[in-house]
Every structure is written in structure tokens, then in C-alpha cells.
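Visitor: Please show me the structure. Then take me through it by question and answer.

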Amino acid sequence: MRYVVAMVFAFIGAALAIIFLSSSVADWVVGRMTFESPDDADNLHMLVFIGTNIVALLIGWMVGWVIGGSGGSKPP
């Protein structure tokens with residue numbers, strides 16, 4: 001059951017990051033740099049967007065893992 005809870009929280013964390021966080025972070029990072037071609041800017045934007053989503057996925061997984069493990073039975 002712990003794995004299911006962790007997967008649900010990972011999905012929720014990634015979904016929230018996609019909706020609210022990733023694009024803003026990617027825009028902020030790309031806006032702080034200068035580029036010689038638009039392709040470089042687009043590649044960095046994509047990399048930061050995906051990286052932010054992966055970090056949110058891992059954070060969601062860890063939170064779900066902790067919450068899912070707290071409901072387990074403990075030996076006396």
C-alpha cells in the first residue's frame with residue numbers, strides 16, 4: 001500500500017508543478033541569460049521545465065512514501 005500512496009503523491013506533485021510552477025521557473029531562468037540563437041533559449045527552457053517536473057515528482061514520491069509508511073503496523 002505504501003507504493004500506491006507514494007505513486008499517487010508523485011502524480012499529484014508532478015501535476016501541480018506542471019500547472020503552477022515549471023513554466024514560471026523556466027521563464028525566470030531563461031530570462032536571466034543571453035543566447036546567440038533562439039534554439040539555445042528553447043532548449044534551456046525545455047530542460048528547466050522537465051527538470052522542475054522531475055524534482056516535483058521526486059518530492060511527491062518522498063512525501064507519499066513517508067505518509068504511506070506512517071500507517072503501517074508496528075510490532076509490540
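**Helices, core and rings**

Guide: H2 has 33 residues and spans 48 Å from its first C-alpha to its last, close to the expected 48 Å at 1.5 Å a residue. That expected span is 1.5 Å times one less than the number of residues. This is a predicted model, in which local features need pLDDT of at least 70, side-chain atom pairs count only at pLDDT 80 or more, and totals for chains, interfaces and linings use all residues. Residues are numbered from 1 along each chain as its sequence is written, and side-chain values use heavy atoms, with hydrogens and water left out.

Visitor: How many helices and strands does the protein have?

Guide: H1 covers residues 2-31. H2 covers residues 38-70. The count for the protein is two helices and zero strands.

Visitor: What radius of gyration does the protein have, against that of a compact globule of 76 residues?

Guide: The radius is taken over C-alpha atoms, and the globule rule is 2.2 Å times the number of residues to the power 0.38. The C-alpha atoms fill a box of roughly 65 × 20 × 15 Å along the principal axes. A compact globule of 76 residues would be near 11 Å, but the protein has 17 Å.

Visitor: What share of the 76 residues counts as buried?

Guide: Buried means under 20% relative accessible area, exposed over 50%, and partly exposed in between, with a 1.4 Å probe and protein chains only. In H2 the buried residues include Asn53, Ala56, Gly60 and Gly64. Over the 76 residues, the buried share is 21%.

Visitor: Is Thr52 buried or exposed?

Guide: Thr52 sits in helix H2. Contact means heavy atoms within 4.5 Å. Leaving out residues up to four places away in sequence, Thr52 touches Leu21, Ser22 and Val25. Its relative accessibility is 13%, so Thr52 counts as buried.

Visitor: Which element is included in what covers the buried residues of H2?

Guide: Ala41 is one of the buried residues of H2. Ala41 is in contact with Val30 and Phe35, leaving aside neighbours within four places in sequence. The cover of the buried H2 residues includes H1.

Visitor: Which residues make up the largest nonpolar core?

Guide: A nonpolar core is a set of buried Ala, Val, Leu, Ile, Met, Phe, Trp, Tyr and Cys residues joined through side-chain atoms within 4.5 Å. The largest has five residues: Ala26, Val30, Ala41, Leu44 and Val48.

Visitor: Which helix gives the most to this core?

Guide: H1 and H2 each supply at least two residues of this core. With three residues, the helix that gives the most is H2.

Visitor: Why is the pair of Tyr3 and Trp65 edge-to-face?

Guide: The structure holds three aromatic pairs. Rings of Phe, Tyr and Trp (its six-membered ring) pair if their centres lie within 6.5 Å; planes under 30 degrees apart count as stacked, over 60 as edge-to-face and the rest as tilted. Tyr3 in H1 and Trp65 in H2 are 62 residues apart. Their ring centres are 5.0 Å apart and their planes are at 70°, so the pair is edge-to-face.

Visitor: Which residues do ring pairs link into a cluster?

Guide: Tyr3 is exposed, at 53% relative accessibility. Trp61 is partly exposed, at 30%. Ring pairs link Tyr3, Trp61 and Trp65.

Visitor: How many Å apart in space are Gly69 and Val4, C-alpha to C-alpha?

Guide: Gly69 is in helix H2, and Val4 is in helix H1. Val4 and Pro38 are 34 residues apart in sequence and 42 Å apart in space, C-alpha to C-alpha. Gly69 and Val4 are 65 residues apart in sequence, and their C-alpha distance is 11 Å.

Methods
Helix = DSSP H or I, 4+ residues; strand = E, 2+ residues; numbered from the N terminus.
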